[in-house]
Amino acid sequence: MRLIFDTHAHYDDEAFDSDREALLRTLPEKGICNVVNVGAELKGCYDSVTLAEEHSYIYAAVGIHPGCIQGLPDDYLQQVESLLSHPKVVAVGEIGLDYHFDDNAPKEVQKEVFAAQLQLAKDHDLPVIIHDREAHGDTMELLRKYKPKGIVHCFSGSVEMAREVVSLGMYVGLGGAVTFKNARHPVEVAASVPLTSLVVETDAPYMSPVPFRGKRCDSTMISYTAEKIAQVRSAQGTPITAAEVLEAARENAGSLFGITPEVL
Ligand code: NI
């Protein structure tokens, strides 16, 4: 039984250049049922679609990451839109706001590009995959306004913010960060978010869970993330196994993206 649905990976990343095909060929036999490969730059959007065409279990999300706005061509939105009708494109992402790096585009420009892509997703009735780094207030403001369906990926907000995300009908995406020693918010959220609103992800090649922190991440490592989620939930008095966490997350992801998970 293939339990792991990775809702967020970047297998187009150059970190996989040396062994991409060999790795992707073996993921299904290692328990991965599906992967959504998420675009960040325009090139990554096209590459995500290509990977989805080449592997039946891979689907694609296309969108411009807030860290990749500078140097975008004027017709970027049309280019993203042109990919949305592809049968294996299941979401617009990753899109959002990133106030962590000083050399990212100015906040107002980020918000404009984010809003344009939220509207695009709405127009095409597609879910979104949201990147929010140190931009919780502005992210929530736009989510309240556009009310998309989708995932707040690599969730780093508070329990209160998670509650609002859930009340908007969105999913909370948890990955390697829940296993980090200094993680407080992700752990609190992992312990308390309703099981019906949870998805699991990697952000591969980044965000490897402990004990692989700092190494290249791939979707198989989600089992460590699920183990930690099961642990903190069980410690709160709701006994659950990692397999049950993965199963719930898999069903949630399938229903969000309109995919029947490839469990066998
Ligand atoms: Ni990502």
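Cys-154 is partly exposed, with a relative accessible area of 24% (buried means under 20% relative accessible area, exposed over 50%, and partly exposed in between, with a 1.4 Å probe and protein chains only). This is a predicted model, in which local features need pLDDT of at least 70 and side-chain atom pairs count only at pLDDT 80 or more, while totals for chains, interfaces and linings use all residues. Residues are numbered from 1 along each chain as its sequence is written, and side-chain values use heavy atoms, with hydrogens and water left out.

**Cysteines**

- Cys-154 lies in the loop between strand E6 (150-153) and helix H6 (159-167); helices (H or I, at least four residues) and strands (E, at least two) are DSSP runs numbered from the N terminus.
- The phi angle of Cys-154 is near 50 degrees, a positive value in a residue other than glycine.
- A search of the whole structure finds 0 disulfides, a disulfide being a pair of cysteine sulfur atoms within 2.5 Å.
- Cys-154 is accordingly in no disulfide, and the nearest cysteine sulfur, that of Cys-217, is 11 Å away.
- Cys-217 is likewise in no disulfide, with the sulfur of Cys-154 as its nearest cysteine sulfur.
- Cys-217 is buried, with a relative accessible area of 0%.

**Nickel site**

- The nickel ion is coordinated by His-8 (NE2), His-10 (NE2), Glu-94 (OE) and Asp-203 (OD), at 2.1 to 2.2 Å.
- Donors are N, O and S atoms within 2.8 Å of the metal (3.2 Å for Na, K and Ca); water is not among the atoms, so sites may look incomplete.
- The 4 donor atoms subtend angles of 88 to 177 degrees at the nickel ion, and the arrangement is therefore irregular.
- Under the rule applied, four donors count as tetrahedral if all angles lie between 85 and 135 degrees; four count as square planar and six as octahedral if opposite donors are over 155 degrees apart and all others between 65 and 115; anything else is irregular.
- Along the chain, the donors of the nickel ion follow the spacing H-x1-H-x83-E-x108-D.
- His-8 lies in strand E1 (residues 4-9) and Asp-203 in the loop between strand E8 (198-200) and helix H8 (222-235), so the pair ties together parts that are 195 residues apart in sequence.
- His-8 counts as buried at 0% relative accessibility, and Asp-203 also counts as buried, at 12%.
- Glu-94 lies in strand E4, and the peptide bond from Gly-93 to Glu-94 is cis, with omega near 10 degrees.

**Largest pocket**

- The largest pocket has a volume of about 1,100 Å³.
- Of the 39 residues that line the largest pocket, the closest to its centre are His-65, Glu-94, His-131, Asp-203 and Tyr-206.
- On a 1 Å grid over the protein atoms alone, a pocket is an open set of points with protein on both sides within 12 Å along at least five of seven lines, whereas a cavity is a set of points where a 1.4 Å probe fits but cannot get out; lining residues have an atom within 4 Å of a point.
- Grid points are joined across faces, edges and corners, and a volume is the space filled by probe spheres set on the points.
- Helix H2 (42-54), strand E4 (89-98), strand E5 (128-133) and helix H7 (185-192) each supply at least two residues of the pocket lining.
- H2 gives the largest share of this lining, with 4 residues.
- By class, the pocket lining has 13 nonpolar, 12 polar and 14 charged residues.
- Ala, Val, Leu, Ile, Met, Phe, Trp, Tyr, Cys and Pro count as nonpolar, Asp, Glu, Lys and Arg as charged, and the others, Gly among them, as polar.

**Cavity**

- The count comes to 1 cavity of 30 Å³ or more, and about 30 Å³ of space lies in the largest cavity.
- The largest cavity is lined by Cys-154, Gly-175, Gly-176, Ala-177, Glu-201, Thr-202, Asp-203 and Met-207.
- By class, this lining has 3 nonpolar, 3 polar and 2 charged residues.

**Loop between E8 and H8**

- Met-207 is found in the loop between E8 and H8 and has a positive phi of about 60 degrees although it is not a glycine.
- At 27% relative accessibility, Met-207 counts as partly exposed.
- Pro-211 lies in the loop between E8 and H8, and the peptide bond from Val-210 to Pro-211 is cis, with omega near 15 degrees.
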